[in-house]
Amino acid sequence: MKGLLLNAKNHGFALKMIYMNDQGVITERFITVKDFNDKYIRAYCHFRKTFRTFKCSNILSIGLAKRQSMGA
């Protein structure tokens, strides 16, 4: 996952992520990675239209997103 995050951060690729929050709610997110470490990802969330911090341990799936899926 680190390679994917680093590539997305360096090249501005959007990622599609399936994420489960601490309450167990699962959502699909489209993010643009700004920074990350072993525990957290700081990214612009196109779903919430703001910067968010995501726990790496709560990511169920992550991969490259198709641009048209993100909307405007």
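Mentor: The strands form an open sheet of five in the order β4-β3-β2-β1-β5, with antiparallel pairing. This is a predicted model, in which local features need pLDDT of at least 70 and side-chain atom pairs count only at pLDDT 80 or more, while totals for chains, interfaces and linings use all residues. Residues are numbered from 1 along each chain as its sequence is written, and side-chain values use heavy atoms, with hydrogens and water left out.

Trainee: What makes β4 and β5 stand at the edges?

Mentor: β4 (50-55) and β5 (59-64) each have a single partner strand, so one side of each is left without a neighbour in the sheet. Strands here are DSSP runs of E with at least two residues, helices are runs of H or I with at least four, and both are numbered from the N terminus.

Trainee: How do you know that β1 and β2 are paired?

Mentor: Two strands pair if DSSP finds at least two bridges between them, and seven bridges join β1 to β2, which run antiparallel, so the pair meets that definition. Within this pairing, Ile18 stands opposite Glu28 in β2. The two strands form a hairpin with five residues between them, and Gly24 in the turn has a positive phi of about 90°.

Trainee: How many bridges join β2 to β3?

Mentor: Five bridges join strand β2 (residues 26-36) to strand β3 (residues 40-45), again antiparallel, and Phe36 has Ile41 in β3 as its bridge partner. Helix α1 (residues 2-11) packs on the sheet, touching β1, β2, β3 and β5, and its direction makes about 70° with that of β2. Contact means heavy atoms within 4.5 Å, and the angle, on a scale from 0 to 180 degrees, is taken between N-to-C directions of axes fitted to C-alpha atoms, for helices over the stretch in contact.

Trainee: Why is the meeting of Lys2 and Asp38 called a salt bridge?

Mentor: The term asks for a side-chain nitrogen of Lys or Arg within 4 Å of a carboxyl oxygen of Asp or Glu; the side chains of Lys2 and Asp38 meet at 2.9 Å, N to O, so the pair qualifies. This pair links distant parts of the chain, with Lys2 in helix α1 and Asp38 in the loop between β2 and β3, 36 residues apart. The structure holds four salt bridges, including one between Asp22 and Lys55, whose closest N and O atoms are 3.3 Å apart. Here Asp22 lies in the loop between β1 and β2 and Lys55 in strand β4, 33 residues apart.

Trainee: Why is Asp22 called exposed, and what is Lys55 called?

Mentor: Buried means under 20% relative accessible area, exposed over 50%, and partly exposed in between, with a 1.4 Å probe and protein chains only. Asp22 has a relative accessible area of 54% and is therefore exposed, whereas Lys55, with 29%, is partly exposed.

Trainee: Is Asn58 counted as buried or exposed, and where is its place?

Mentor: Asn58 has its place in the loop between β4 and β5, and its relative accessibility is 11%, so it counts as buried. Not counting residues up to four places away in sequence, Asn58 touches Ile18, Tyr19, Met20, Asn21 and Asp22.
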